[in-house]
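This briefing is meant for a reader who is meeting the structure for the first time.

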Amino acid sequence: MTINWQKVVIEPSTSIKEALRVIDKEALRVALVVDKNKLVGMVTDGDVRRGILQGIELSASVSEVMNTNPVSANVSSSSSDLKALMQSRKILSLPIVNDDDQLVGLKTLYDTLVIEKRENPVFIMAGGFGTRLKPLTDNCPKPMLKVGGKPMLETLINNFKNHGFYKFYISTHYLPEVIMDYFGNGDNFDVEITYVHEETPLGTGGALSLLPDDLPKEPLIMINGDILTNVDFSKVLDFHVKQASDATMCVRDYEVKIPFGVIEGEGHEITGMVEKPTYRYFVNAGIYIVSNHIINSLSKNERLDMPSLFEIKQAQGLKTLKFPIHEYWLDVGRHDDFKKAQVDIHELGFNK
């Protein structure tokens, strides 16, 4: 959010001359007109210039020249959404409002170009054998298979970097030296990497117990290393924090089309018929946000999968939520997926 945005907030009764002074002094090129905490208008020097040409005096109230229908965005919008909105509307500043339409900030196009550093740790699961992708994985861990000329793991790390994340923990088991030799401590990739080695596979949830004691206390993002996605991780994390969730699971919409007429009934009696229906379910996308106290509650070296962890914590009364994702997502687990990834990555620009 733009610092000092409150200094460009004025009332509808403010004079045009005073509005110009505010715009000039704060160098944000805009003044926000607010009445009872609600945004009612926006003024730029262009609005003032047009008002003067129409014969409006500088002593008149700013309500005479302000834009009474400014473009604004909800505070829950991600930085990338705000950037896209400003670019599509060709505007440099965007007022931010809450669910009650109260002004809570201002975002400039420049703000959206600055990547805010996130202290949240990112835990990438990269220890699997990749059995379904043999023989490609005979001498290479699955996340290190190249898609678009680059290891999938590197593409994943770069995507996180684009959202400001730089503290990475990578879980290894199968051929760990391949991963460690390539990434080292992360210096060559402008990130920090710590490796967590599983002597025996502990499942997706059990590996969390091996994370070091000095792990940052912020909520952790956990993701399978064989996922190709452009999910906005900041948006997922912001949802987790805003909802005060203990554990959040990203889910994907998944359709099952039945190519036949489905007969519903009780015993031998037909109660309904549905012709070639489509059923929709949410499926686990292999991306999780986990609060620090859950990690601290795990027993060391105990095998546990993430779905089981969610069930356990839900039974204990903790808040476990799902977050639907709609961006590109592909679990590269089979040969067909691997071939698809080789095509998709060029269309989606992941390999830039």
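Predicted model: local features only at pLDDT ≥ 70, side-chain atom pairs only at ≥ 80, totals over all residues.

Strands, like helices, are taken here as DSSP runs numbered from the N terminus, with at least two residues needed for a strand. In that sense, Asp35 has its place in strand S2.

- Strands S1, S2 and S3 make up an open sheet of three strands, in the order S1-S2-S3 and with mixed pairing, and its edge strands are S1 (9–10) and S3 (38–43), each of which pairs on one side only.
- Strand S2, which covers residues 31–35, pairs with S3 in the antiparallel sense over five bridges, and within this pairing Val34 has Leu39 of S3 as its bridge partner.
- When residues up to four places away in sequence are not counted, Asp35 touches Pro12 and Val40, while the C-alpha atoms of Asp35 and Glu18, which are 17 residues apart along the chain, are separated by 17 Å.

**A second open sheet and the helix across it**

- Another open sheet of three strands has the order S4-S5-S6, again with mixed pairing; strand S4 (73–74) and strand S6 (103–108) stand at its edges with a single partner strand each, so one side of each is left without a neighbour in the sheet.
- Strand S5, residues 93–97, is joined to S6 by five bridges and the two run antiparallel, with Leu94 standing opposite Lys107 in S6.
- Helix H3, residues 79–89, lies across S4, S5 and S6 and runs at about 135° to S5.

- In soluble globular proteins, nonpolar side chains tend to be buried together.
- The largest nonpolar core in this model has 42 residues, and those with the most contacts inside it are Ile124, Ile157, Phe160 and Ile287; helix H5, residues 152–161, gives the most to this core, with five residues.
- Leaving aside neighbours within four places in sequence, Phe160 is in contact with Val122, Phe165, Phe168, Ile221, Ile223 and Phe233.

**Helix H8 and its surroundings**

- Helix H8, residues 233–242, has Phe233, Ser234, Val236, Leu237 and His240 as its buried residues, and seen down the helix axis these fall within an arc of 160°, so they line one face of H8.
- The buried residues of H8 pack against helix H5 and against strands S12 (220–224), S13 (227–229), S14 (247–257), S17 (278–290) and S18 (320–324).
- At the N-terminal end, Asp232 caps H8, with a side-chain oxygen lying 3.2 Å from the backbone nitrogen of Ser234, and just after the helix Ala244 takes a positive phi of about 50°.

**The hairpin of S15 and S16**

- Strand S15, residues 261–266, and strand S16, residues 269–275, run antiparallel and are joined by six bridges, with Ile263 standing opposite Met273 in S16.
- The hairpin that S15 and S16 form has two residues between the strands, and Gly267 takes a positive phi near 65° there.

Notes:
Residues numbered from 1 in each chain as written. Heavy atoms only, no water. Core = buried A, V, L, I, M, F, W, Y, C linked by side-chain atoms within 4.5 Å. Buried < 20%, exposed > 50% of the residue type's maximum accessible area, 1.4 Å probe, protein only. Helix = DSSP H or I, 4+ residues; strand = E, 2+ residues; numbered from the N terminus. Contact = heavy atoms within 4.5 Å. Pairing = 2+ DSSP bridges. Arc of directions from axis to C-beta. Polar contact = N/O pair within 3.5 Å; in protein donor to acceptor, adjacent residues only side chain to side chain. Axes fitted to C-alpha atoms, helices over the stretch in contact; angles between N-to-C directions.
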